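Me: I'd like a close look at one part of this model, going slowly through what it packs against. Could you walk me through it and then step out to what lies around it?

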Amino acid sequence: MKPFTRSLHATLLGATLLASALATQVGAALAQQPSSVVTVATIGEPPTLDPVGVTSDLVSIITQHVFETLYTFDAEWKVAPLLASSLPTLSADGKSYAFPLRTGVTFHDGAAMTAEDVAASLDRWTKLSPRGKSVAPMIESIAVTNPTTVTLTLKEPYTPLLSLLAMSNGAAAIMPRGLIDGAAPLKQFIGTGPYKLLEHKPDQHIRLVRFDGYASPVGPASGYGGARAAKIGEVRFVPVPNAATRVAGMLAGQYQFADSLPAEMLGRFKSSASVKPVIVKPFGFPLMIMNTKTGVMANQTLRQAVLAAVGPSDMMLAGFGDPAFFAAEGSIYSPGTPYFDAASAKPYREGSPKKAAELRKMAGYKGEPIRIMTSTQYDFLYKMSLVAQAQLQAAGFTVDLQVLDWATLLQKRGDEKAWDAFFTYHTFVPEPSLITVLNPSYPGWWDSAEKREALAAFNREADPAARKDKWVALQTRFYAEVPSIKVGDFYNLAAATDKLKGYTPAPWPFFWNAELSN
(Lines give C-alpha, C1' and ligand atoms only; values in the text may rest on other atoms or scores of the structure.)
Protein backbone atom coordinates (compact mmCIF):
# COMPACT_ATOMS: atom_id res chain seq x y z
CA MET A 1 0.00 0.00 0.00
CA LYS A 2 1.41 3.35 -1.00
CA PRO A 3 1.73 5.85 1.88
CA PHE A 4 0.09 8.62 -0.12
CA THR A 5 -1.83 9.21 -3.33
CA ARG A 6 -1.96 12.39 -5.30
CA SER A 7 -4.51 13.35 -7.96
CA LEU A 8 -3.73 15.80 -10.74
CA HIS A 9 -6.79 17.44 -12.31
CA ALA A 10 -5.43 19.33 -15.26
CA THR A 11 -6.84 21.66 -17.88
CA LEU A 12 -5.41 24.44 -19.95
CA LEU A 13 -3.26 27.19 -18.50
CA GLY A 14 -1.30 29.31 -20.92
CA ALA A 15 2.30 28.18 -20.63
CA THR A 16 5.14 30.41 -21.69
CA LEU A 17 7.60 29.53 -24.42
CA LEU A 18 10.68 31.70 -24.26
CA ALA A 19 13.70 31.96 -26.47
CA SER A 20 16.47 32.04 -23.92
CA ALA A 21 20.20 32.45 -24.15
CA LEU A 22 20.93 30.01 -21.37
CA ALA A 23 24.33 29.21 -20.01
CA THR A 24 25.91 25.87 -20.80
CA GLN A 25 28.14 26.53 -17.84
CA VAL A 26 27.19 28.41 -14.68
CA GLY A 27 28.38 31.97 -15.13
CA ALA A 28 28.97 31.59 -18.87
CA ALA A 29 26.80 33.21 -21.54
CA LEU A 30 26.72 30.59 -24.29
CA ALA A 31 23.57 30.45 -26.41
CA GLN A 32 21.04 27.64 -26.10
CA GLN A 33 18.18 26.75 -28.41
CA PRO A 34 14.74 28.14 -27.48
CA SER A 35 13.22 26.01 -24.75
CA SER A 36 10.26 25.77 -22.45
CA VAL A 37 10.11 27.58 -19.13
CA VAL A 38 8.06 26.44 -16.14
CA THR A 39 7.51 29.11 -13.50
CA VAL A 40 6.81 27.73 -10.03
CA ALA A 41 5.29 29.92 -7.31
CA THR A 42 6.75 28.95 -3.93
CA ILE A 43 5.90 30.13 -0.42
CA GLY A 44 8.91 32.45 -0.23
CA GLU A 45 12.63 32.98 -0.50
CA PRO A 46 14.67 29.98 0.69
CA PRO A 47 17.15 30.72 3.50
CA THR A 48 19.91 28.95 1.56
CA LEU A 49 20.57 26.89 -1.57
CA ASP A 50 22.82 24.54 0.39
CA PRO A 51 20.68 21.41 0.86
CA VAL A 52 22.79 19.92 3.63
CA GLY A 53 22.42 22.18 6.64
CA VAL A 54 18.64 22.62 6.85
CA THR A 55 15.61 20.32 6.87
CA SER A 56 13.44 22.81 4.99
CA ASP A 57 10.96 21.52 2.40
CA LEU A 58 11.28 24.76 0.45
CA VAL A 59 15.03 24.28 0.14
CA SER A 60 14.56 20.61 -0.78
CA ILE A 61 12.01 21.31 -3.52
CA ILE A 62 14.45 23.60 -5.31
CA THR A 63 17.83 21.99 -4.64
CA GLN A 64 16.82 18.39 -5.43
CA HIS A 65 17.02 19.45 -9.09
CA VAL A 66 20.64 20.55 -8.67
CA PHE A 67 22.15 18.20 -6.09
CA GLU A 68 21.80 14.43 -5.88
CA THR A 69 22.37 11.83 -3.20
CA LEU A 70 23.64 8.27 -3.36
CA TYR A 71 20.10 6.96 -2.90
CA THR A 72 16.52 8.18 -3.17
CA PHE A 73 12.97 6.82 -2.75
CA ASP A 74 10.88 5.14 -5.42
CA ALA A 75 7.09 5.27 -5.80
CA GLU A 76 6.66 2.65 -3.05
CA TRP A 77 8.99 4.58 -0.69
CA LYS A 78 11.67 1.93 -1.04
CA VAL A 79 15.30 3.03 -1.20
CA ALA A 80 16.56 3.17 -4.81
CA PRO A 81 20.02 3.94 -6.25
CA LEU A 82 20.66 7.44 -7.58
CA LEU A 83 24.39 8.23 -7.72
CA ALA A 84 25.11 4.74 -6.44
CA SER A 85 24.91 2.01 -9.06
CA SER A 86 23.06 -0.39 -6.77
CA LEU A 87 22.18 -0.98 -3.15
CA PRO A 88 25.26 -1.30 -0.91
CA THR A 89 27.04 -4.48 0.02
CA LEU A 90 26.49 -4.96 3.76
CA SER A 91 29.02 -6.77 5.94
CA ALA A 92 27.97 -9.85 7.90
CA ASP A 93 27.97 -7.92 11.17
CA GLY A 94 25.73 -5.23 9.70
CA LYS A 95 28.24 -2.45 10.35
CA SER A 96 29.96 -1.77 7.00
CA TYR A 97 28.22 -0.44 3.89
CA ALA A 98 30.14 -0.55 0.62
CA PHE A 99 28.53 1.94 -1.78
CA PRO A 100 29.18 1.18 -5.48
CA LEU A 101 29.24 4.39 -7.53
CA ARG A 102 27.92 4.99 -11.02
CA THR A 103 30.61 5.81 -13.57
CA GLY A 104 30.37 8.55 -16.17
CA VAL A 105 28.69 11.03 -13.80
CA THR A 106 29.87 14.62 -14.14
CA PHE A 107 29.34 17.75 -12.09
CA HIS A 108 27.91 20.91 -13.60
CA ASP A 109 31.44 22.28 -13.99
CA GLY A 110 32.35 19.35 -16.24
CA ALA A 111 34.50 17.48 -13.71
CA ALA A 112 33.94 13.76 -13.25
CA MET A 113 32.45 12.61 -9.94
CA THR A 114 35.00 10.55 -8.01
CA ALA A 115 34.96 8.42 -4.89
CA GLU A 116 36.96 11.15 -3.17
CA ASP A 117 34.14 13.64 -3.87
CA VAL A 118 31.60 11.23 -2.40
CA ALA A 119 33.65 10.53 0.74
CA ALA A 120 34.24 14.24 1.34
CA SER A 121 30.55 15.00 0.82
CA LEU A 122 29.45 12.31 3.26
CA ASP A 123 31.92 13.63 5.81
CA ARG A 124 30.49 17.15 5.37
CA TRP A 125 26.98 15.72 5.86
CA THR A 126 27.98 14.27 9.24
CA LYS A 127 29.25 17.68 10.36
CA LEU A 128 26.57 19.99 8.99
CA SER A 129 23.27 18.18 8.46
CA PRO A 130 20.89 17.64 11.40
CA ARG A 131 20.36 14.15 9.98
CA GLY A 132 24.07 13.53 9.46
CA LYS A 133 24.88 14.74 12.96
CA SER A 134 22.49 12.16 14.37
CA VAL A 135 24.50 9.41 12.67
CA ALA A 136 27.97 10.87 13.24
CA PRO A 137 28.58 9.43 16.74
CA MET A 138 28.00 5.93 15.35
CA ILE A 139 30.39 6.26 12.40
CA GLU A 140 33.74 4.54 12.67
CA SER A 141 35.06 5.66 9.29
CA ILE A 142 34.22 6.86 5.78
CA ALA A 143 36.83 5.60 3.36
CA VAL A 144 37.56 5.34 -0.36
CA THR A 145 37.90 1.59 -0.98
CA ASN A 146 38.66 1.89 -4.69
CA PRO A 147 37.91 4.36 -7.51
CA THR A 148 34.26 3.28 -7.68
CA THR A 149 33.50 2.35 -4.05
CA VAL A 150 33.13 4.26 -0.79
CA THR A 151 32.73 2.32 2.44
CA LEU A 152 31.02 3.66 5.54
CA THR A 153 31.66 1.67 8.71
CA LEU A 154 29.54 2.01 11.83
CA LYS A 155 30.34 1.18 15.44
CA GLU A 156 27.05 -0.73 15.70
CA PRO A 157 24.20 -1.68 13.34
CA TYR A 158 21.89 1.20 12.44
CA THR A 159 18.83 0.22 10.42
CA PRO A 160 17.74 3.72 9.19
CA LEU A 161 21.07 4.62 7.55
CA LEU A 162 20.00 4.18 3.92
CA SER A 163 16.78 6.12 4.48
CA LEU A 164 18.75 9.03 5.94
CA LEU A 165 21.10 8.96 2.95
CA ALA A 166 18.09 9.01 0.61
CA MET A 167 16.38 12.08 2.08
CA SER A 168 16.48 15.29 0.05
CA ASN A 169 16.39 17.63 3.05
CA GLY A 170 19.30 17.77 5.41
CA ALA A 171 20.58 15.89 2.38
CA ALA A 172 23.77 13.88 2.02
CA ALA A 173 24.30 15.82 -1.21
CA ILE A 174 27.28 14.91 -3.35
CA MET A 175 29.39 17.83 -4.56
CA PRO A 176 32.97 18.47 -5.74
CA ARG A 177 35.35 18.04 -2.81
CA GLY A 178 37.09 21.28 -3.82
CA LEU A 179 33.97 23.25 -2.78
CA ILE A 180 33.98 21.75 0.70
CA ASP A 181 35.49 23.74 3.54
CA GLY A 182 34.65 21.73 6.65
CA ALA A 183 31.14 22.63 7.75
CA ALA A 184 31.25 26.10 6.17
CA PRO A 185 28.36 27.20 3.95
CA LEU A 186 28.75 26.60 0.24
CA LYS A 187 29.95 29.47 -1.91
CA GLN A 188 29.21 27.70 -5.20
CA PHE A 189 26.26 25.42 -5.92
CA ILE A 190 27.54 22.71 -8.22
CA GLY A 191 25.91 19.30 -8.23
CA THR A 192 25.23 16.40 -10.58
CA GLY A 193 21.48 16.92 -11.07
CA PRO A 194 19.49 17.32 -14.29
CA TYR A 195 19.37 21.09 -13.72
CA LYS A 196 22.07 23.57 -12.81
CA LEU A 197 21.87 26.98 -11.20
CA LEU A 198 21.94 29.82 -13.71
CA GLU A 199 20.85 32.79 -11.62
CA HIS A 200 19.65 33.60 -8.12
CA LYS A 201 18.15 37.02 -7.49
CA PRO A 202 16.96 36.96 -3.87
CA ASP A 203 13.24 37.70 -3.48
CA GLN A 204 12.86 37.67 -7.29
CA HIS A 205 13.66 34.26 -8.74
CA ILE A 206 15.92 31.23 -8.88
CA ARG A 207 16.60 30.07 -12.43
CA LEU A 208 17.62 26.47 -13.02
CA VAL A 209 18.50 25.40 -16.56
CA ARG A 210 18.87 22.02 -18.17
CA PHE A 211 22.27 20.37 -17.68
CA ASP A 212 23.12 18.90 -21.07
CA GLY A 213 25.86 16.73 -19.58
CA TYR A 214 23.50 14.98 -17.17
CA ALA A 215 24.02 11.24 -16.62
CA SER A 216 20.68 9.71 -15.64
CA PRO A 217 20.16 6.62 -13.51
CA VAL A 218 18.86 3.64 -15.47
CA GLY A 219 15.49 1.97 -15.15
CA PRO A 220 11.91 3.21 -15.46
CA ALA A 221 10.97 6.36 -13.56
CA SER A 222 9.42 5.51 -10.19
CA GLY A 223 8.77 8.21 -7.61
CA TYR A 224 12.07 10.02 -7.18
CA GLY A 225 13.96 7.01 -8.54
CA GLY A 226 14.78 5.69 -12.00
CA ALA A 227 15.39 7.66 -15.17
CA ARG A 228 15.49 11.45 -15.00
CA ALA A 229 15.20 13.58 -18.13
CA ALA A 230 15.34 17.38 -18.18
CA LYS A 231 12.72 17.97 -20.88
CA ILE A 232 11.93 21.47 -19.64
CA GLY A 233 14.61 23.99 -20.58
CA GLU A 234 14.28 26.15 -17.48
CA VAL A 235 12.54 25.79 -14.13
CA ARG A 236 12.10 29.18 -12.53
CA PHE A 237 11.21 29.31 -8.83
CA VAL A 238 9.54 32.58 -7.84
CA PRO A 239 8.95 33.46 -4.16
CA VAL A 240 5.31 34.45 -3.64
CA PRO A 241 4.79 34.69 0.14
CA ASN A 242 1.09 35.55 -0.02
CA ALA A 243 -1.08 32.49 -0.65
CA ALA A 244 -3.87 34.52 -2.29
CA THR A 245 -1.32 35.97 -4.71
CA ARG A 246 -0.15 32.48 -5.64
CA VAL A 247 -3.75 31.52 -6.38
CA ALA A 248 -4.41 34.67 -8.45
CA GLY A 249 -1.19 34.15 -10.40
CA MET A 250 -2.15 30.58 -11.25
CA LEU A 251 -5.61 31.59 -12.44
CA ALA A 252 -4.14 34.43 -14.50
CA GLY A 253 -1.62 32.15 -16.23
CA GLN A 254 1.39 33.80 -14.60
CA TYR A 255 2.62 30.50 -13.13
CA GLN A 256 2.55 26.92 -14.39
CA PHE A 257 2.67 25.45 -10.89
CA ALA A 258 1.95 26.82 -7.41
CA ASP A 259 2.48 25.06 -4.10
CA SER A 260 0.90 25.17 -0.63
CA LEU A 261 -2.44 26.79 -1.41
CA PRO A 262 -5.38 27.41 0.95
CA ALA A 263 -7.85 24.52 1.02
CA GLU A 264 -10.77 26.88 0.49
CA MET A 265 -9.44 27.62 -3.01
CA LEU A 266 -10.31 24.09 -4.19
CA GLY A 267 -13.66 25.23 -5.59
CA ARG A 268 -12.09 28.00 -7.67
CA PHE A 269 -9.71 25.55 -9.30
CA LYS A 270 -12.45 23.03 -9.97
CA SER A 271 -14.47 25.66 -11.81
CA SER A 272 -11.52 27.00 -13.75
CA ALA A 273 -11.20 26.25 -17.46
CA SER A 274 -7.43 26.44 -17.31
CA VAL A 275 -6.20 25.35 -13.87
CA LYS A 276 -7.04 22.31 -11.79
CA PRO A 277 -5.93 21.23 -8.30
CA VAL A 278 -3.18 18.86 -7.29
CA ILE A 279 -4.00 17.13 -4.01
CA VAL A 280 -1.57 15.05 -1.95
CA LYS A 281 -3.34 12.73 0.49
CA PRO A 282 -2.00 12.16 3.09
CA PHE A 283 0.78 14.70 2.94
CA GLY A 284 2.05 15.54 6.39
CA PHE A 285 1.30 16.75 9.87
CA PRO A 286 1.49 20.21 11.46
CA LEU A 287 3.55 20.52 14.63
CA MET A 288 3.85 22.97 17.47
CA ILE A 289 7.51 22.47 18.39
CA MET A 290 8.53 23.18 22.00
CA ASN A 291 11.91 24.44 23.17
CA THR A 292 12.84 21.66 25.59
CA LYS A 293 16.30 23.09 26.21
CA THR A 294 15.89 26.67 27.42
CA GLY A 295 13.18 28.96 28.72
CA VAL A 296 9.73 28.42 30.11
CA MET A 297 8.91 25.39 27.93
CA ALA A 298 11.93 23.47 29.19
CA ASN A 299 9.59 22.47 32.03
CA GLN A 300 8.10 19.10 31.01
CA THR A 301 5.01 19.51 33.20
CA LEU A 302 4.29 22.87 31.60
CA ARG A 303 4.54 21.28 28.14
CA GLN A 304 1.99 18.72 29.31
CA ALA A 305 -0.23 21.62 30.44
CA VAL A 306 0.02 23.22 26.99
CA LEU A 307 -1.01 19.93 25.35
CA ALA A 308 -4.02 19.74 27.68
CA ALA A 309 -4.97 23.37 26.93
CA VAL A 310 -5.02 23.31 23.14
CA GLY A 311 -7.69 21.73 20.95
CA PRO A 312 -6.05 20.12 17.91
CA SER A 313 -9.40 19.62 16.14
CA ASP A 314 -10.15 23.36 16.40
CA MET A 315 -6.69 24.20 15.07
CA MET A 316 -7.08 21.82 12.11
CA LEU A 317 -10.51 23.22 11.27
CA ALA A 318 -9.14 26.77 11.37
CA GLY A 319 -6.15 25.82 9.23
CA PHE A 320 -7.98 23.94 6.51
CA GLY A 321 -11.69 24.66 6.81
CA ASP A 322 -12.80 21.74 4.68
CA PRO A 323 -12.72 18.43 6.65
CA ALA A 324 -11.86 16.72 3.37
CA PHE A 325 -8.36 18.18 3.78
CA PHE A 326 -7.52 17.01 7.30
CA ALA A 327 -7.96 14.42 10.03
CA ALA A 328 -7.67 15.04 13.77
CA GLU A 329 -5.25 12.18 14.36
CA GLY A 330 -2.78 11.92 17.22
CA SER A 331 -0.75 8.94 16.06
CA ILE A 332 2.33 10.27 14.33
CA TYR A 333 1.76 7.70 11.60
CA SER A 334 -1.78 7.70 10.21
CA PRO A 335 -4.14 4.72 9.88
CA GLY A 336 -3.12 2.35 7.11
CA THR A 337 0.61 2.82 7.65
CA PRO A 338 2.80 0.19 9.39
CA TYR A 339 3.57 2.37 12.43
CA PHE A 340 0.05 3.55 13.25
CA ASP A 341 -0.82 3.18 16.95
CA ALA A 342 -3.81 4.87 18.57
CA ALA A 343 -3.29 3.67 22.16
CA SER A 344 0.09 5.37 22.70
CA ALA A 345 -1.35 8.63 21.30
CA LYS A 346 -4.23 8.69 23.81
CA PRO A 347 -3.14 12.00 25.47
CA TYR A 348 -3.91 13.71 22.15
CA ARG A 349 -7.63 13.54 22.99
CA GLU A 350 -7.49 13.80 26.78
CA GLY A 351 -6.98 17.54 27.16
CA SER A 352 -9.34 19.76 29.13
CA PRO A 353 -9.24 23.22 30.78
CA LYS A 354 -9.35 21.55 34.19
CA LYS A 355 -6.40 19.27 33.43
CA ALA A 356 -4.46 22.18 31.92
CA ALA A 357 -5.03 24.27 35.07
CA GLU A 358 -3.88 21.45 37.35
CA LEU A 359 -0.72 20.84 35.35
CA ARG A 360 -0.01 24.57 35.06
CA LYS A 361 -0.15 24.86 38.84
CA MET A 362 2.06 21.78 39.29
CA ALA A 363 4.62 23.33 36.92
CA GLY A 364 4.81 26.50 39.00
CA TYR A 365 3.88 28.71 36.07
CA LYS A 366 3.88 32.40 37.04
CA GLY A 367 2.60 34.02 33.87
CA GLU A 368 5.86 34.15 31.93
CA PRO A 369 5.25 34.96 28.22
CA ILE A 370 5.35 31.94 25.92
CA ARG A 371 7.03 33.19 22.73
CA ILE A 372 5.46 31.40 19.77
CA MET A 373 6.83 31.91 16.26
CA THR A 374 4.61 31.58 13.20
CA SER A 375 4.42 32.77 9.59
CA THR A 376 1.66 33.87 7.20
CA GLN A 377 3.56 32.33 4.29
CA TYR A 378 2.09 29.00 5.34
CA ASP A 379 -1.49 30.18 5.68
CA PHE A 380 -2.70 27.10 7.55
CA LEU A 381 0.08 27.32 10.15
CA TYR A 382 -0.71 30.96 10.82
CA LYS A 383 -4.40 30.23 11.32
CA MET A 384 -3.57 27.37 13.68
CA SER A 385 -1.26 29.59 15.71
CA LEU A 386 -4.06 32.14 16.20
CA VAL A 387 -6.34 29.42 17.60
CA ALA A 388 -3.56 28.09 19.83
CA GLN A 389 -2.92 31.61 21.12
CA ALA A 390 -6.60 32.07 22.04
CA GLN A 391 -6.84 28.63 23.66
CA LEU A 392 -3.69 29.13 25.72
CA GLN A 393 -4.76 32.58 26.86
CA ALA A 394 -8.15 31.18 27.88
CA ALA A 395 -6.31 28.54 29.92
CA GLY A 396 -4.33 31.18 31.85
CA PHE A 397 -1.14 31.38 29.80
CA THR A 398 0.52 34.57 28.59
CA VAL A 399 1.30 34.32 24.87
CA ASP A 400 3.65 36.42 22.75
CA LEU A 401 2.78 35.44 19.18
CA GLN A 402 5.56 36.50 16.80
CA VAL A 403 4.62 36.62 13.10
CA LEU A 404 7.76 36.30 10.96
CA ASP A 405 8.64 35.62 7.36
CA TRP A 406 9.54 31.96 6.90
CA ALA A 407 13.24 32.51 6.23
CA THR A 408 13.57 34.55 9.43
CA LEU A 409 11.72 31.88 11.41
CA LEU A 410 14.06 29.19 10.09
CA GLN A 411 17.06 31.30 11.07
CA LYS A 412 15.72 32.33 14.46
CA ARG A 413 14.71 28.83 15.54
CA GLY A 414 18.41 27.93 15.73
CA ASP A 415 18.82 30.35 18.65
CA GLU A 416 17.75 28.48 21.77
CA LYS A 417 17.20 31.71 23.71
CA ALA A 418 14.98 33.40 21.10
CA TRP A 419 11.76 31.38 21.31
CA ASP A 420 9.64 28.94 23.30
CA ALA A 421 7.57 27.32 20.54
CA PHE A 422 7.06 27.54 16.79
CA PHE A 423 4.65 26.17 14.22
CA THR A 424 5.88 24.05 11.33
CA TYR A 425 4.89 20.88 9.55
CA HIS A 426 6.48 17.58 8.61
CA THR A 427 5.89 15.73 5.38
CA PHE A 428 5.33 11.99 5.36
CA VAL A 429 8.52 9.95 5.68
CA PRO A 430 8.66 6.15 5.38
CA GLU A 431 11.23 5.74 8.16
CA PRO A 432 10.37 7.11 11.64
CA SER A 433 13.97 8.00 12.38
CA LEU A 434 13.71 10.61 9.61
CA ILE A 435 11.20 12.59 11.67
CA THR A 436 13.15 15.70 12.59
CA VAL A 437 11.84 16.15 16.13
CA LEU A 438 13.48 12.85 17.10
CA ASN A 439 16.85 14.34 16.24
CA PRO A 440 18.43 16.05 19.29
CA SER A 441 20.17 18.60 17.05
CA TYR A 442 16.87 19.75 15.52
CA PRO A 443 15.51 23.00 17.06
CA GLY A 444 13.54 21.97 20.11
CA TRP A 445 16.50 19.76 21.11
CA TRP A 446 14.53 16.83 22.57
CA ASP A 447 17.19 14.71 24.21
CA SER A 448 16.11 12.99 27.45
CA ALA A 449 17.89 9.83 28.58
CA GLU A 450 14.67 7.81 28.25
CA LYS A 451 14.09 9.06 24.71
CA ARG A 452 17.69 8.30 23.71
CA GLU A 453 17.36 4.75 25.01
CA ALA A 454 14.03 4.17 23.23
CA LEU A 455 15.30 5.63 19.95
CA ALA A 456 18.54 3.64 20.05
CA ALA A 457 16.61 0.41 20.63
CA PHE A 458 14.35 1.22 17.68
CA ASN A 459 17.26 2.06 15.38
CA ARG A 460 19.14 -1.14 16.24
CA GLU A 461 16.16 -3.34 15.47
CA ALA A 462 15.87 -4.84 11.97
CA ASP A 463 12.82 -7.10 12.41
CA PRO A 464 9.68 -5.21 11.20
CA ALA A 465 7.35 -6.59 13.90
CA ALA A 466 9.82 -5.84 16.67
CA ARG A 467 10.42 -2.37 15.24
CA LYS A 468 6.68 -1.63 15.48
CA ASP A 469 6.74 -2.50 19.20
CA LYS A 470 9.77 -0.30 19.78
CA TRP A 471 8.14 2.53 17.84
CA VAL A 472 5.09 2.32 20.12
CA ALA A 473 7.43 2.70 23.09
CA LEU A 474 8.98 5.77 21.45
CA GLN A 475 5.61 7.36 20.68
CA THR A 476 4.56 6.72 24.29
CA ARG A 477 7.65 8.65 25.37
CA PHE A 478 6.74 11.44 22.89
CA TYR A 479 3.37 11.94 24.59
CA ALA A 480 4.85 11.71 28.08
CA GLU A 481 7.53 14.35 27.46
CA VAL A 482 5.61 16.48 24.88
CA PRO A 483 8.58 17.87 22.94
CA SER A 484 6.02 18.84 20.28
CA ILE A 485 2.30 18.75 19.71
CA LYS A 486 1.14 16.88 16.64
CA VAL A 487 -1.90 18.87 15.51
CA GLY A 488 -3.25 16.29 13.03
CA ASP A 489 -2.88 14.95 9.49
CA PHE A 490 -3.36 17.19 6.46
CA TYR A 491 -3.43 17.01 2.71
CA ASN A 492 -1.62 19.54 0.56
CA LEU A 493 -3.26 21.58 -2.19
CA ALA A 494 -1.22 22.76 -5.16
CA ALA A 495 -2.21 23.70 -8.70
CA ALA A 496 -0.86 23.04 -12.19
CA THR A 497 -1.61 23.60 -15.85
CA ASP A 498 -2.58 20.66 -18.05
CA LYS A 499 0.17 21.74 -20.41
CA LEU A 500 2.52 20.25 -17.84
CA LYS A 501 2.69 16.71 -19.18
CA GLY A 502 4.47 13.83 -17.47
CA TYR A 503 4.45 15.53 -14.08
CA THR A 504 4.74 13.01 -11.23
CA PRO A 505 2.75 14.11 -8.17
CA ALA A 506 4.93 13.98 -5.06
CA PRO A 507 5.25 15.65 -1.64
CA TRP A 508 8.36 17.56 -2.77
CA PRO A 509 7.40 18.63 -6.33
CA PHE A 510 9.99 17.89 -9.01
CA PHE A 511 10.00 18.74 -12.69
CA TRP A 512 12.39 16.35 -14.41
CA ASN A 513 10.54 13.94 -16.76
CA ALA A 514 7.84 16.62 -17.20
CA GLU A 515 7.35 18.83 -20.26
CA LEU A 516 5.12 21.59 -21.59
CA SER A 517 2.83 20.74 -24.48
CA ASN A 518 1.87 23.20 -27.19
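At roughly what angle do the axes of α7 and helix α13 cross, and within what distance do they come?

Reply: A quick word on the ground rules. This is a predicted model: local features need pLDDT of at least 70, side-chain atom pairs count only at pLDDT 80 or more, and totals for chains, interfaces and linings use all residues. Residues are numbered from 1 along each chain as its sequence is written, and side-chain values use heavy atoms, with hydrogens and water left out.

Now your pair. The axes of α7 and α13 (residues 464-481) cross at roughly 95° and come within 8 Å of each other. That makes α7 roughly perpendicular to α13. The bands are these: under 35 degrees is roughly parallel, over 145 roughly antiparallel, 65 to 115 roughly perpendicular, and the rest oblique. On the α7 side, Gln300, Arg303, Gln304 and Leu307 make the contact, and on the α13 side Tyr479, Ala480 and Glu481 do. Sorted by class, this contact has 3 nonpolar, 2 polar and 2 charged residues.

The terms, briefly: axes are lines fitted to C-alpha atoms, for helices over the stretch in contact, with angles from 0 to 180 degrees between N-to-C directions. Helices (H or I, at least four residues) and strands (E, at least two) are DSSP runs numbered from the N terminus. Contact means heavy atoms within 4.5 Å. Ala, Val, Leu, Ile, Met, Phe, Trp, Tyr, Cys and Pro count as nonpolar, Asp, Glu, Lys and Arg as charged, and the others, Gly among them, as polar.

α7 has another helix partner. With α9 (residues 353-362), α7 (residues 300-309) packs at an angle of about 165°, the axes sitting 8 Å apart. That makes α7 roughly antiparallel to α9. The crossing is left-handed, as the near helix is turned anticlockwise from the far one by less than a right angle (clockwise would be right-handed). Thr301, Leu302, Gln304, Ala305, Ala308 and Ala309 of α7 meet Lys355, Ala356, Leu359, Arg360 and Met362 of α9. That contact comes out as 7 nonpolar, 2 polar and 2 charged residues.

Lys355 touches Ala308 and Glu350, setting aside residues up to four places away in sequence. Lys355 and Ala308 are 47 residues apart in sequence, yet 6.2 Å apart in space, C-alpha to C-alpha. With 32% relative accessibility, Lys355 counts as partly exposed; buried is under 20% relative accessible area, exposed is over 50% and partly exposed lies in between (1.4 Å probe, protein chains only).

How enclosed is α7 itself? It's largely enclosed by the rest of the structure, since 7 of its 10 residues are buried. Those are Leu302, Arg303, Ala305, Val306, Leu307, Ala308 and Ala309. They pack against β14, α9, β16 (369-374), α10 (379-394), α13 and β19 (484-486).

Val306 also takes us to the core. The largest nonpolar core has 165 residues, and Leu70, Val306, Phe397 and Leu500 touch the most other members. Strand β14 (residues 275-290) gives the most to this core, with 10 residues. A nonpolar core here is a set of buried Ala, Val, Leu, Ile, Met, Phe, Trp, Tyr and Cys residues joined through side-chain atoms within 4.5 Å. Take Leu500: leaving out residues up to four places away in sequence, it touches Val38, Ile232, Phe257, Phe511, Ala514, Glu515 and Leu516.

Back to α13, which has a helix partner in α12 too. The axes of α12 (residues 449-460) and α13 come within 9 Å and cross at roughly 160°. α12 and α13 are therefore roughly antiparallel to each other, and this crossing is left-handed. From α12, Glu450, Lys451, Ala454, Leu455, Ala457, Phe458 and Asn459 make the contact, against Arg467, Lys470, Trp471, Leu474, Arg477 and Glu481 of α13. The class count is 6 nonpolar, 1 polar and 6 charged residues. Glu481 turns up in the α7 contact as well as in the α12 one.

Last, two loop residues with backbone angles to check. Ser260 has a phi near 55°, a positive value in a residue other than glycine, and is placed in the loop between β13 (257-258) and α6 (266-270). Asn513 also has a positive phi, near 70°, in the loop between β21 (500-501) and β22 (515-516). Ser260 counts as buried at 8% relative accessibility, and Asn513 is buried with a relative accessible area of 16%.
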